[in-house]
Amino acid sequence: MARRVGHEAGTRARGAVQEPTALKRALTTPLLYFFILGDVLGAGVYVLVGQVAADAGGAVWVPLVVALLLALLTAASYAELATKYPRAGGASHYATRAFGPFAGFVAGFCMLAAGIVSVAALARGFGGDYLSAFVTLPVGLVAVVFLGLLALVNARGIKESTRANVVATVIEVGGLAVVVVLGAWLLLRGDGDPGRLTDLGTPEKGMAAAVLSGSVLAYYSFVGFETSVNVAEETRDPRRSYPRALFGALGTAGAVYVLVGLAASAAVPTAQLAGSSGPLLEVVKEAGGVPPKLFSAIALVAVANGALLTGIMSSRLAYGMAKDGLLPGALTKVLPGRRTPWAAIAVTSGLAMLLALTGSVATLASTLVLLLLIVFLMVNTAVLVLRRDPGEADHFRTPVVLPVLGIASCVLLATQIEAAVWLRGLVIVAVGMVLAAISAARRSRRAEESTEQRADLDVSRPG
């Protein structure tokens, strides 16, 4: 927080020298595009296509398109706020500006909780059918061991983790391309069933309910773009670069996901797709030509990479909040040699283990979406509230109708989330609100002590 305040003061003072703590503006539009694409185009689609099929029927591509359109509404709000206030902080910073520090804390806490839930969901996905191609083990046991190993990689160092990410990202995108090509090959040789691409709805749900229910899970595949606002401060000319990179990356990810959805639906019977925790592996088995174990290995790399990146984000966010006095100070402890936040890594990994043992992939994905919908609701509302603040000159400005529709989309998707998921999510939010209240009380006490000290100094000074 102190860094951001110092940066704001430095940039607003005319002719002032740039603060030495300001971040270097090194990201060009292409680099930012690939950064966002790497965040969005992740492991979710590897494990959730089957769950979407179970909710929506064979036309998996429809909820994917709907989820993309809904994500773009909130992305427009992020584009305005990131170019209006191009500095680190993200949703927490925007909520603080619009509604005060209590709301800012809740937004930051929901982002932290969402990251931990996401890691738990991916850990369960890692222990499913993709791993079963090599060995069959209890999913809970695999999730705990998997998260323990990821914590060790995370603790080893950020450089090693990001180097692994570059290789893994190339592999996971290649895996999705393989699925699209195999699906097209199946149709060209006369196999598969294109009729499934228009099969929308299930025996329990009509078309509209099926699309909305499937869109909640499909929304999980598009999250990740919201974290990119934290690098706006390091982007050259963010007013021009950030909107282009953001919308371009979401559009690219959407196109890839829709192609994957089309391939999976046409290639594999809906019931078979819905019953698999490794749905894209079913496409490979139906098409032939690619060894199932090879594709399973690709999928496992993708899932592990997504969990590693999210785990890094979660542990650093917990460390940063603790450093600002918003979470217990014990989370600021770092390894002497590696300088990595081992305490934050241990706590976030432990919580992810607990969640992985108490929920399915679909339940955890829905919990993540619920937490992010709360954050996105704040962000879309903040755009409207902060219209009275000029912010940075000549920033991107979204039409008013888009954040309004963004608010409506958050409410609509939230109504489709099951009661059990709501209960889990509300418990998490309640914990955040309690911590926010404690943080506010501490701030108030520090302010009073500071006022008393200044008063004592004034009294002690000779007249």
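**Before you click**

This is a predicted model, so to speak of local features we ask for pLDDT of at least 70, side-chain atom pairs count only at pLDDT 80 or more, and totals for chains, interfaces and linings use all residues. Residues are numbered from 1 along each chain as its sequence is written, and side-chain values use heavy atoms, with hydrogens and water left out.

**Stop 1: the whole chain**

Show everything as cartoon. You have 18 helices and zero strands; both are DSSP runs numbered from the N terminus, helices being H or I with at least four residues and strands E with at least two. Of the 463 residues, 51% count as buried (under 20% relative accessible area; exposed is over 50%, partly exposed is in between, with a 1.4 Å probe and protein chains only). Among contacts (heavy atoms within 4.5 Å) with a separation of 6 or more, 83% join residues 24 or more positions apart.

**Stop 2: the nonpolar core**

Select Tyr46, Tyr78, Tyr219, Phe225 and Leu280. These have the most contacts inside the largest nonpolar core, which has 128 residues. Here a nonpolar core is a set of buried Ala, Val, Leu, Ile, Met, Phe, Trp, Tyr and Cys residues joined through side-chain atoms within 4.5 Å. The helix that gives the most to this core is α6, with 18 residues.

Now centre on Phe225. Leaving out residues up to four places away in sequence, its partners include Ile36, Ala75, Tyr78, Leu246 and Phe376.

Hop to Leu246, in helix α11 (residues 238–267). Is Leu246 buried or exposed? Leu246 is buried, because its relative accessible area is 0%. Beyond its sequence neighbours up to four places away, Leu246 touches Ile36, Ala75, Ala79, Phe225 and Ser228. Draw a C-alpha distance from Leu246 to Ala76: 8.9 Å, across 170 residues of sequence.

**Stop 3: the second largest pocket**

Select Phe109, Ala113, Ile116, Leu351 and Val431, which lie nearest the centre of the second largest pocket among its 19 lining residues. The elements that give two or more residues to this lining are α6 (101–126), α15 and α18 (419–460). The pocket holds about 410 Å³ of space, and its lining has 16 nonpolar, two polar and one charged residues.

Points are joined across faces, edges and corners, and a volume is the space filled by probe spheres set on them. As for classes, Ala, Val, Leu, Ile, Met, Phe, Trp, Tyr, Cys and Pro are nonpolar, Asp, Glu, Lys and Arg charged, and the others, Gly among them, polar.

Next, pick Ile428 in helix α18. At 16% relative accessibility, Ile428 counts as buried. Outside the four places on either side in sequence, Ile428 is in contact with Phe109, Ala113, Val117, Thr367 and Leu371. The C-alpha atoms of Ile428 and Phe109 are 9.0 Å apart, though 319 residues separate them along the chain.

**Stop 4: the cavity**

How many cavities of 30 Å³ or more does a search of the whole structure find? One. To find the largest cavity, select Val119, Asn154, Ala307, Gly311 and Ser349, which lie nearest its centre among 13 lining residues. Its volume is about 110 Å³. Helices α6, α8 (139–156), α14 and α15 each supply at least two lining residues, and the lining has eight nonpolar, five polar and no charged residues.

Then click Thr310, in helix α14. Thr310 counts as buried, at 17% relative accessibility. Neighbours within four places aside, Thr310 is in contact with Gly115, Ser118 and Val119.

**Last stop: a loop**

Finish at Val334, in the loop between α14 (292–323) and α15 (342–356). Val334 counts as partly exposed because its relative accessibility is 22%. Setting aside neighbours within four places in sequence, the contacts of Val334 are Tyr319, Arg339, Thr340, Pro341 and Trp342.

Note on methods. On a 1 Å grid over the protein atoms alone, a cavity is a set of points where a 1.4 Å probe fits but cannot get out, and a pocket is an open set with protein on both sides within 12 Å along at least five of seven lines; lining residues have an atom within 4 Å of a point.
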